[in-house]
Amino acid sequence: MSDPDLFAGSQVTELTAEDFNIHGSSVQCLHPKCQHSDGWIMVYSPQCVHCHNKAPMWKKLASYTINDPQGLIGVVNGEKPENQLLIESLKVEGFPTFFYIHNDGLMFESQSELDELWSVL
């Protein structure tokens, strides 16, 4: 199972390492949508069955931001070589891994908070 365009054609924002400022283990999102609004990022692998299972819900969540141009529901492909320093800095150990962005900061959210998010979808 491999689909590099898993989120193509959706409201999900595809991010790369170029969208982040990395200082050791400190990571800051620089994408314009990260600067003014809270949001979520999923680090995924196109080969990951769990990522494929989460993709429809992630797309649905992103569709709610269609009227909020600053809202961010994003993804980072953890398999792309150009994203490896970002993945290491975020200490991603498996896919999918979810991060909550508060304005210009990035922090890991616990599974229990994600379970609450999924429950409203």
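A contact here means heavy atoms within 4.5 Å. On that basis, residues 24 or more positions apart account for 73% of the contacts in the protein with a separation of 6 or more. The model is predicted, and the values that follow are computed from it.

**Secondary structure**
- The protein contains three helices and seven strands.
- Along the sequence, these elements follow the pattern β-β-β-β-α-β-α-β-β-α.

**Burial and surface**
- The protein has 121 residues, of which 45% count as buried.
- Its accessible surface comes to about 6,500 Å².
- Carbon and sulfur atoms contribute 50% of that accessible surface.

**Disulfide**
- One disulfide is present in the structure.
- This disulfide joins Cys29 and Cys34, whose sulfur atoms lie 1.9 Å apart.
- The pair qualifies because a disulfide requires cysteine sulfur atoms within 2.5 Å.
- The link of Cys29 and Cys34 is right-handed, with 50 degrees about the S-S bond.

**Cysteine accessibility**
- Cys29 has 0% relative accessibility and therefore counts as buried, the cut-off being under 20% relative accessible area.
- Cys34, the partner of Cys29 in the disulfide, is likewise buried, at 0% relative accessibility.
- Cys48 counts as buried because its relative accessibility is 10%, which falls under the 20% cut-off.
- Cys51 has a relative accessible area of 0% and is therefore buried.

Methods. Residues are numbered from 1 along each chain as its sequence is written. This is a predicted model: local features need pLDDT of at least 70, side-chain atom pairs count only at pLDDT 80 or more; totals for chains, interfaces and linings use all residues. Side-chain values use heavy atoms; hydrogens and water are left out. Helices (H or I, at least four residues) and strands (E, at least two) are DSSP runs, numbered from the N terminus. Buried means under 20% relative accessible area, exposed over 50%, partly exposed in between (1.4 Å probe, protein chains only). Accessible areas come from the Shrake-Rupley method with a 1.4 Å probe; for residues, only the protein chains shown count as cover.
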